[in-house]
Amino acid sequence: MTSLKTLLAATLLASCAVASAADMGTAPITLISPFPPGGGTDTLTRMIGSAIAQDTGWNIVVENKPGAGGNLALDATARAKPDGHTLVMAQTDNIVLNPWLYNKLSYDTFKDFKPVGLVASSPSVFVVVPESPYKTLDDVVKAAKARPGQVSLGIPGIGGSGDLIGHLWRKAAGMELMHVPYRGWSQAFPDLASGRIDLYTGSVASLLPQIRGGKVRALAVVADERSPALPDVPTFAESGFKTINQTIWWGLMAPGKTPDDVIATLNQALNASQAKPDVVKKLEESGYSVMTGTPADLGKRHRADHDIFGKVVQEAGIPKQ
């Protein structure tokens, strides 16, 4: 009797999974990108959306909702029907940091979202122009200690991951750096090239074309391991800063009340697409490292980084907007 009950339970679970998978194909799935077309997050979103669609036959439509540091995209997802047909490509610089950077949010970063799975990571990379006298992180530290507050670091926005990693580095090295905020690389590059700023930081995915093209030289990446796209560039840990290893990550999130069986179906589809060698190759060539796992793995990473970066924001005295 016990074996019969077990068999029936297993059959029921399998039927639920099949039903969920079938339901996912009954209508288009909107995958929201929090940034404009053509950027790193948009490229990643489209690569993953296309890979899942090819595997499952689902109709996945990428919709760009840029604005307010990703808050518009997150708000749209939080308000969407929780049936698995609306997802967002969340990342460190919005779902983790925005609760610490904005006075009022229309969503709760934990209650209004349910993790589907980790997608990829891309380390922050610190770069200088090719002719810069700084060959290593140690060179920068020595110069900053000799001229407190005069060595300048370009950052893509106040309170972003680059800004906060800069604060972590300053604290770990016991030095002063002048942070200079920019809207992005296109605005910062003329100042870096002319010597108005000494170095700049962004994700490997965003700066890889400039590094490969010889416009800048990479000093170090912020990660546990070297980036597959930059195997010759050391990590901060290798350079003596073992506690600075917080990579920028991207993960799929669904509305908070999405049923667990639908989340499981989505996670299975995501992980299957990430296991394909051609997908891994595309991501690594674009400066990303594949991250896989369960919804719980993404949930733990979300919570842990929320707490870590929250302390950094408070210690740095970054005011809320």
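This short talk goes through the aromatic contacts of the structure above and then one of its sheets.

A word on the basis first: this is a predicted model, in which local features need pLDDT of at least 70 and side-chain atom pairs count only at pLDDT 80 or more, while totals for chains, interfaces and linings use all residues. Residues are numbered from 1 along each chain as its sequence is written, and side-chain values use heavy atoms, with hydrogens and water left out.

Let me begin with the rings. A pair of aromatic rings is described by the distance of the centres and the angle of the planes. Rings of Phe, Tyr and Trp (its six-membered ring) are taken as a pair if their centres lie within 6.5 Å, and planes under 30 degrees apart count as stacked, over 60 as edge-to-face and the rest as tilted. By this rule the count comes to nine aromatic pairs. One of them is Trp-169 with Phe-241, edge-to-face, at 6.3 Å centre to centre and with 80° between the planes. This pair links distant parts of the chain, 72 residues apart, with Trp-169 in helix H7 (residues 161-173) and Phe-241 in the loop between strand S9 (217-222) and strand S10 (248-255); helices (H or I, at least four residues) and strands (E, at least two) are DSSP runs, numbered from the N terminus.

Together, Phe-126, Trp-169, Phe-236 and Phe-241 form one aromatic cluster.

Now to the sheet. Five strands form an open sheet in the order S7-S6-S8-S5-S9, with mixed pairing, where two strands pair if DSSP finds at least two bridges between them. Strand S7 (178-181) and S9 stand at the edges, each with a single partner strand, so one side of each is left without a neighbour in the sheet. Strand S6 (residues 152-155) and S7 run parallel and are joined by four bridges, and within this pairing Leu-153 has His-179 in S7 as its bridge partner.
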